[in-house]
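Me: Could you walk me through this model with me? I'd like to start with the strands and then move on to the helices.

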Amino acid sequence: MKTYSTTETVDAVIIGTGAGGAPLLARLAKAGLSVVALEAGTHWNPARDFATDEKSQEKLFWNDERLSAGNDPLPFGSNNSGTGVGGSTLHYTAYTPRAQPDDFQLHTDFGVGVDWPMGFDQIEPYYEEVEQFLGVSGPAVYPWGPARKRSYTLGPLPINGAGQLMERGCKELGIKTSAAANAALSAGYYQEGVGHRPACANRGFCQAGCNIGAKASMDVTYIPLAVHYGAEIRPECFVTQLVKSASGKISEVVYIHNGQEIRQRCRNVFLCAGTIETARLLLLNGLANSSGQVGRNVMAHPGLQIWGEFDEDVRPYKGIPGALISEDTHRPKDHNGGLVDFAGGYLLQSIGVMPVTYMTQMARGRGLWGQALKRAALAYNHVAGINILGDCLPYDHNYLELSDEKDIRGLPKPRIYFTNGENEKRMTAHADKLMRDIWTAAGAKNIWAFSRNAHVIGTCRMGNNPETAVVNANGQSFDIPNLYISDNSTFPSALSVNPALTIMAVALRTADRFLRNAGGNPLSAL
């Protein structure tokens, strides 16, 4: 791997190596820029470090304490972010549906929320590029959204037990389903600049890190591509300061490595640390916040899960967790066929689950303990779940702030306030009834619900107005011209799909806009 001196002024420093940072890093390196990526976590070796064991998985979570507040306080750790080269893609489930065109214009369609400053047409080519590069497995014909210009690279992965049961229940109710798109290989795949990756073994512990590289986490896809083109990856480097020069631009990035403070000179900074850490770093440094919107507009997808027990031997730990999808509820009708009482919509997804995760959720969701918990636990191999992933509106009462409590580095811990609005409550109630009906039609018993929100989004909104947004449509700060943000903190709306694919697509667009506007010369951007 090529290395750069800290006394050298590199063209760009990228902070974070997840779905936002890694594709951007590869794009800039391929263009010939000198680029350094700083990652707070370890550079893991999948074959050595990713065991088929949930306790081992915990090292992949961002485990620094975050403070949760509000009526629906958000859990962190495994729920929303990761640590290590590859970020949260190390433990994501590889579920990669595209957003639909109307997802980007929620305010236009419903009069609430905020539209994106770009449309589906600007993101679609990048969706296609990411899918082809990662080797996304999916159906030949996908029933929802615009017709695809290119088919998925590989055919779909096998439908696991939960997916087969969901398909059965949906068929009884006339709900259309499809094999889902997953960034995990259904056959061996060769990527230029990366090498060969093997097919998924259906091990099912995707959230514990894929130990063979079949899942398209950033550490086995865009990161080796970036290194191939000359990027440097510096793991275990925690960024604490962004230093402005007299000109008002960022001139140095300060980080801690092995207890030592180090400074890296740079011409441009791309902040890709995720919704929480991106906003926290800006607030700690008092940067890019003339709008007062840094830390505001926190969103989290409604993610209600409905579980049931079946006579069939389901084995919920086997296969890709999100095997089956339905987007018939993308813009749903009410249960009598009329208009629903909420804006936006949601998707339905079958879910596999690892044993400790299931037992923990069941104990909380059903309030069981003692012998009752033991009896229910014995049914694990016969359980299956469905969940929703729905849009979430931005509210003034949902935000991130710096608390008075300090972390192990002496920095203020972030406190995140979150309360579901009436829109999210009504959406969840609609989905609750529908999913229970699906499981009843499929033959489930002992049906129960686990309420949750997934994927923390927002805090550094992109938009066209510097008074209401932190960055423009190209990801560039309105306040600091050589500061860019590329992660899900910039999403103006939550979208009714999992965010990873869109984060990657927007990251590539941000890189291309930067390179185009700089004329291929990063110096001209200053």
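**Strands, sheets and a helix pair**

Reply: V243 has E252 as its bridge partner in β11. This is a predicted model, in which local features need pLDDT of at least 70, side-chain atom pairs count only at pLDDT 80 or more, and totals for chains, interfaces and linings use all residues. Residues are numbered from 1 along each chain as its sequence is written, and side-chain values use heavy atoms, with hydrogens and water left out.

Me: Which strands pair there, and over how many bridges?

Reply: Strand β10 (residues 238-244) pairs with strand β11 (residues 250-257) in the antiparallel sense over six bridges; strands here are DSSP runs of E with at least two residues, helices are runs of H or I with at least four, and both are numbered from the N terminus. Two strands count as paired if DSSP finds at least two bridges between them.

Me: What sits in the turn of that hairpin?

Reply: Five residues lie between β10 and β11, and G248 in the turn has a positive phi of about 90°.

Me: And what does β11 join next?

Reply: β11 is joined by six bridges to strand β12 (residues 260-265), and the two run antiparallel, with Y255 opposite I262 of β12. The hairpin of β11 and β12 has two residues between its strands, and N258 takes a positive phi near 55°.

Me: OK, the six-stranded sheet: what is its strand order?

Reply: The order of this open sheet is β6-β16-β17-β18-β15-β21, with antiparallel pairing. β6 (178-179) and β21 (445-450) are at the edges with a single partner strand each, so one side of each has no neighbour in the sheet. Two bridges join β6 to strand β16 (residues 324-326), and S178 has I325 of β16 as its bridge partner.

Me: Which helices pack on it?

Reply: Helix α6 (residues 161-173) packs on the sheet, touching β16, β17 (346-351) and β18 (383-390), and its direction makes about 130° with that of β17. Helix α9 (residues 355-366) also packs on the sheet, where it touches β15 (305-309), β18 and β21, and its direction makes about 90° with that of β21. Contact means heavy atoms within 4.5 Å; axes are lines fitted to C-alpha atoms, for helices over the stretch in contact, and angles run from 0 to 180 degrees between N-to-C directions.

Me: Where are the edges of the five-stranded sheet?

Reply: That open sheet has the order β9-β2-β1-β13-β23 with parallel pairing, and its edge strands are β9 (232-234) and β23 (483-485), each pairing on one side only. The twist averages 20° from one strand to the next. Three bridges join strand β2 (residues 35-38) to β9, and the bridge partner of L38 in β9 is R234.

Me: Switching to helices, at what angle do α1 and α12 pack?

Reply: Helix α1 (residues 21-30) and helix α12 (residues 500-517) pack at about 30°, with their axes 8 Å apart. They are therefore roughly parallel to each other, a term for angles under 35 degrees, with over 145 counting as roughly antiparallel, 65 to 115 as roughly perpendicular and the rest as oblique. The contact is made by residues including P23 and L24 of α1 and F514 and L515 of α12.
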